[in-house]
Amino acid sequence: MDFSIKTFDAKNTIASIKTGCIAVGVFDNKKLSQAARALDHKGELSAAVKSGDISGKPGSSLLVRHIAGIAAERVLLVGLGKDEAIAEKDFTTAIKATASAFSSLGASDAVVALPLDGVQGRAVEWAVRAAVLAVREGLYRFDSLKSKKDSAPTGVKKVAFAVAAAAAASAKSALSQAVALANGIDLTKDLGNLPGNVCTPTYLANIAKKLAKDYKLGVEILDRKQLQALKMGSFLSVTSGSDEPPKFIVLKHMGGKAKDAPTVLVGKGITFDSGGISLKGGNGMDEMKYDMCGAGSVLGTLRAIAEMKLKLNVIGVIPTCENMPNGRATKPGDIVTSMSGQTIEVLNTDAEGRLVLCDALTYVERFKPAAVVDVATLTGSCVTSLGHHNSGLFTRHDKAHDALAEELLAAGKASGDTAWRMPIEDAYQEQLKSNFADMANIGGSAGGSITAACFLERYTKKYTWAHLDIAGTAWKSGAAKGATGRPVSLLTTFLINRAQA
Ligand code: BES
Ligand code: MN
Ligand code: ZN
């Protein structure tokens, strides 16, 4: 899809825009939006609304052809809901309906002349981004492994957004940012959807190398020998039952000032989680190919900000391996020594995410980070707590961490990729007590997502840190099974805001 910005003013009017189709709004009180009124010379659009063919409810739409006195071949009336201040949700619904109508048109180009400046509490930039993401979401296909491809998308191939001349510059930069974000989201989805026999740790490392080459990023891939030298005994204990070699990926986008402390993203990269010796049940086990979605979202976010040339130092760190059972696999009761020196009794080999992350969290101390955010499909318990709507956000409860939590929550709200804050408290820490090592890797079934976060907290004392549990948000199950690309929008928005601070 090709996106652009089209400006209009008193001379270049909405009515004079030549296009296959122009989308304009109608409210549920039957009032036409400003652009719609500009096309309604002879009252055709008002008549269409009056006829009852379109309700004005968000998601409704009506195609009208052959309107006298305008340059566009078709007009798509799109319902926007309540008059005046359009609710965010209604705008998103309307833009989805617009994208879906465009996809089945005989026209190859279209113009969106919805009131992009009319969304309650949001600027034109927000509306442009929401629109681009909705269109790209509708276009996404994952059929690279099907011998017969899904039918190619038909309809509109070029979409222009009509904005007033005064808003053109900011709309243009919002548009290129939105396209970069959509590209990052698509990469994250692709990596998630790829099966474990294709998307191996080596495959992820190659993707990182490719990104480094395409966008001039710094990249370093550490292999097993180097991980041994670093004494990452916890990470390595997860890889011991697998034939796939582990990789530790470091990808650097140094877009800020050389002396500025980097923001570090750490992504869990288990390319298949069988549970190890604590083997999972067979039901839905295929979905554990998605256990690298934290890693995928870090790569997608780096792709997005690199394409944007974001003026911020960002480092992505990905510990990646498989979690498999074999004769050399870690056994329940085994005790391992992490890079931090703390010892861990592995009571359940299926609680492997925290074992790979804790060594990565120790490794990143060397960057003297401004903040560290780890992203992980960490616990089924988080899905029980928050369902599929919010990612779980965990940080310590002090001033610096509350500020970081606020930044992340706000970025989630602004991008529609929301998170919900959960507690980290000493009372939960006690559940990790081990009789034989410094800590156990599980804390019992009560508050499982919280004790998992408490485990990670013990490895993050030297910097400001937050943890995102994306087990419920990174992919969908059932008939719509597929990666969502979350939380790339949240993370990218968070970083864009940091670059502007
Ligand atoms: N990758 C899983 C978490 C998961 C499970 C995400 C199901 C999404 C859906 C993680 O490695 C895991 O197995 N966690 C265990 C921890 C338990 C053994 C303490 C879990 O959540 O059951
Ligand atoms: Mn597991
Ligand atoms: Zn896992």
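Good morning. I begin with lysine 280, which has a polar side-chain atom 2.8 Å from an oxygen atom of ligand 1. Such a polar contact is a pair of N or O atoms within 3.5 Å. This is a predicted model, in which local features need pLDDT of at least 70 and side-chain atom pairs count only at pLDDT 80 or more, while totals for chains, interfaces and linings use all residues. Residues are numbered from 1 along each chain as its sequence is written, chains are lettered from A and ligands numbered from 1 in the order in which they are written, and side-chain values use heavy atoms, with hydrogens and water left out.

Let me stay with ligand 1. In glutamate 352, a side-chain N or O atom is 2.8 Å from an oxygen atom of the ligand. Glycine 380 contributes a backbone N or O atom, 2.7 Å from a ligand oxygen. Taken alone, ligand 1 exposes 520 Å², and the protein buries 77% of that; these areas come from the Shrake-Rupley method with a 1.4 Å probe.

I turn now to the metals. Which residues coordinate the zinc ion, ligand 3? They are Lys268 through NZ, Asp273 and Asp291 through OD, and Glu352 through OE, at 2.0 to 2.4 Å. Donors here are N, O and S atoms within 2.8 Å of the metal (3.2 Å for Na, K and Ca); water is not among the atoms, so sites may look incomplete. Along the chain, the zinc donors follow the spacing K-x4-D-x17-D-x60-E.

Finally, aspartate 273 bridges the manganese and zinc ions, which lie 3.2 Å apart.

Definitions and conventions: A polar contact is a pair of N or O atoms within 3.5 Å; within protein, one must be able to donate a hydrogen and the other to accept it, and residues adjacent in sequence count only if both atoms are side-chain atoms.
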